[in-house]
Amino acid sequence: MPQTDRLPAALPDRPWWKGAVIYQIYPRSFADSNGDGIGDLNGITAHLPYVASLGVDAIWLSPFFTSPMKDFGYDVADYRDVDAIFGTLVDFDALMARAHKLGLKVIIDQVYSHTSDEHPWFTESRSSRDNPKADWYVWADAKADGSPPSNWQSVFGGPAWTWDARRRQYYLHNFLKEQPQLHVHNGEVQDELIDTARFWLDRGVDGFRLDAINFTMHEPALTDNPPAPPTNRVRTRPFDFQLKVNNQSHADIPLFLERIRALLDTYGDRFTVAEVGGDDSEREMKLFTAGETRLNSAYSFDFLYAPALDPQTVAASTRVWPEDAAAGWPSWAFENHDAPRAISRWGATDRTAFAAMKMLLLLSLRGNVFLYYGEELGLPQVDVPFELLQDPEAIANWPLTLSRDGARTPMPWIADAPNAGFGSGTPWLPVGPEHIPLAVDRQEADPRALLHLTRRLIALRRDNPALAAGDLTLVEVGATMLVFERRVADQTLLCAFNMGPEPTIWRPIDPDTWRQLEVVNDVNSWHFNGYGAIVAERIAS
């Protein structure tokens, strides 16, 4: 199957974000410009040429807003300013200008479910029951026996209610007690959040990832959640013992999303993607993206928490999103800041070969692709010792889970530099020893490295509209072989993956009608090495 010259199929008329490759940057861990051990906006700006060199369409910045950092930025104390550890609004504007000059769109997080308990809104709300912001958070009286208003549990462990002596009431928090729940049923709260979105849109951002958006509204009657049926999974939190049908996923959430979409539509080609996890995520993702008046896409957790990467898992996930305009448009990620690094999580026997196959698979899926910083280097999970853990979830659940901290360690830029080139000061999390030989400078010097393959595969997706936006039809879902076709207009591609470590053979019915566009880990005459994969194009008759 020799490589042959070809002309790309005509690009379909589609918005920039449909089929885009988006690179997630965790600001604390990307690059430290001032030596304080914490990554910052100026560090990101300095490395944007590297990001642009990957060929991605956009970057997604995890929170950089003013925060006491109890949940590392997801506890916002000022929605419209930059935390001093990351820089200033002037620094953000400089980052935006540099990104746009390099052809990169910029997407930022918006956290509308909750704030920090140090946010001025909450300070005022808790001061009395009759102040102007008294109803901006979810407050409720104790039961007659003094116990919390409902049995709802926090994601991070323990009851989702904390007693506040100032108001002599409980307040709701679906996450840390330092993250009180906003009362988004309240129209004034919605108006303020919409104004916050407008603030960032006016600064030029190209879209939003809406964090934990299915937690935005609760059942006002505060009805207890029913128990969850037993499963084979280890339950490490009381949260896992309930069906979360009353503390999240309220039917009015789509109406709020329509307000957000209406605002963004006034700014032109902006993008919105919902983070939707939990037991009912499939229904919610489709609901939140239905039609042309809600969000553009939903961010799936299917692979982030999957116990293995196998044909059945991929097939089940892709079937959720049929080629139907009413079904919405998916976004996929194999890694992010909330899940352990996939190379370690999925326990590949040959990490180098597996990482190459995994990258080609991710970039061949129908939907948007999110790449997590360092994923293009094949970084494994770092084993952070308990005494160095920072993440409250990691500390609470130690040692039963691979911690989120192990996926948030500093980006290795220069193998032989102090702290792998992350910065001059002691990093907030340790650099992983296994990351040193995978540093950017080492991979830049090795034409066989995953970094170069990633660039090539992103270009393949960009140059072949069937990969970026075409239909997906499953052809084979076997024990280790996954095969699907991607099709748009005048182009049909065959994508075949041996997802196991042992060699195997698979042939299409008409093998002579396909020509190779890309191969990883050696595929010769449809004989697949372990983790071998190929993308081939149908030859025009």
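Trainee: Which are the buried residues of α11?

Mentor: They are Ala 353, Phe 354, Ala 355, Ala 356, Met 357, Lys 358, Met 359, Leu 360, Leu 361 and Leu 362. Buried here means under 20% relative accessible area, with exposed over 50% and partly exposed in between (1.4 Å probe, protein chains only). Helices (H or I, at least four residues) and strands (E, at least two) are DSSP runs, numbered from the N terminus. Before we go on, a word on the source: this is a predicted model, where local features need pLDDT of at least 70 and side-chain atom pairs count only at pLDDT 80 or more, while totals for chains, interfaces and linings use all residues. Residues are numbered from 1 along each chain as its sequence is written, and side-chain values use heavy atoms, with hydrogens and water left out.

Trainee: Why is α11 described as largely enclosed by the rest of the structure?

Mentor: Because 10 of its 12 residues are buried. Its length can be checked too: the expected span of a helix is 1.5 Å times one less than its number of residues. For α11, residues 351-362, that gives 16 Å, and the end C-alpha atoms are 16 Å apart, so the two agree.

Trainee: Now to charges. How many salt bridges does the count come to?

Mentor: The general idea is that side chains of opposite charge can pair when their charged atoms come close. The rule used is a side-chain nitrogen of Lys or Arg within 4 Å of a carboxyl oxygen of Asp or Glu. With that rule, the count is 40 salt bridges. In one of them, Lys 177 meets Glu 178 at 2.9 Å, N to O. Glu 178 counts as buried at 15% relative accessibility, whereas Lys 177 is partly exposed at 46%. In another, Arg 283 and Asp 280 meet at 2.6 Å, N to O. Here Asp 280 is partly exposed with a relative accessible area of 32%, and Arg 283 is partly exposed with 42%.

Trainee: Where do the partners Arg 404 and Glu 393 lie?

Mentor: Their side chains form a salt bridge of 3.2 Å, N to O. Arg 404 is in the loop between α12 (392-397) and α13 (440-444), and Glu 393 is in helix α12, 11 residues apart, so this counts as a link between distant parts of the chain. Both residues are buried. They also belong to one network, joined by salt bridges that share partners, together with Asp 71, Arg 237, Asp 240, Asp 338, Asp 391 and Arg 408.

Trainee: How many aromatic pairs are there?

Mentor: A pair of aromatic rings is described by the distance of the centres and the angle of the planes. Rings of Phe, Tyr and Trp (its six-membered ring) pair if their centres lie within 6.5 Å; planes under 30 degrees apart are stacked, over 60 edge-to-face, and the rest tilted. The count here is 38 aromatic pairs. Take Phe 30 and Trp 413: the centres are 5.2 Å apart and the planes at 80 degrees, so the pair is edge-to-face. Phe 30 sits in helix α1 (residues 27-30) and Trp 413 in the loop between α12 and α13, 383 residues apart. Both Phe 30 and Trp 413 are buried. By contrast, Trp 152 and Trp 161 are stacked, at 5.8 Å centre to centre with 25 degrees between the planes. Trp 152 is buried with a relative accessible area of 1%, and Trp 161 is buried with 5%.

Trainee: What lies over the face of Phe 239?

Mentor: Lys 244 does, at 4.2 Å from the ring centre. A charge sits over a ring if NZ of Lys or CZ of Arg is within 6 Å of the ring centre and within 35 degrees of the ring normal. Arg 209 likewise lies over the face of Tyr 299, at 5.7 Å from the ring centre.

Trainee: One last feature. Is phi of Arg 168 positive or negative?

Mentor: Most residues other than glycine have a negative phi, and most peptide bonds are trans. Arg 168 has a positive phi, near 55 degrees. Arg 168 is in the loop between β7 (161-164) and β8 (169-172), and is exposed, with a relative accessible area of 55%. Leu 222 also has a positive phi, about 60 degrees, but counts as buried at 17% relative accessibility.
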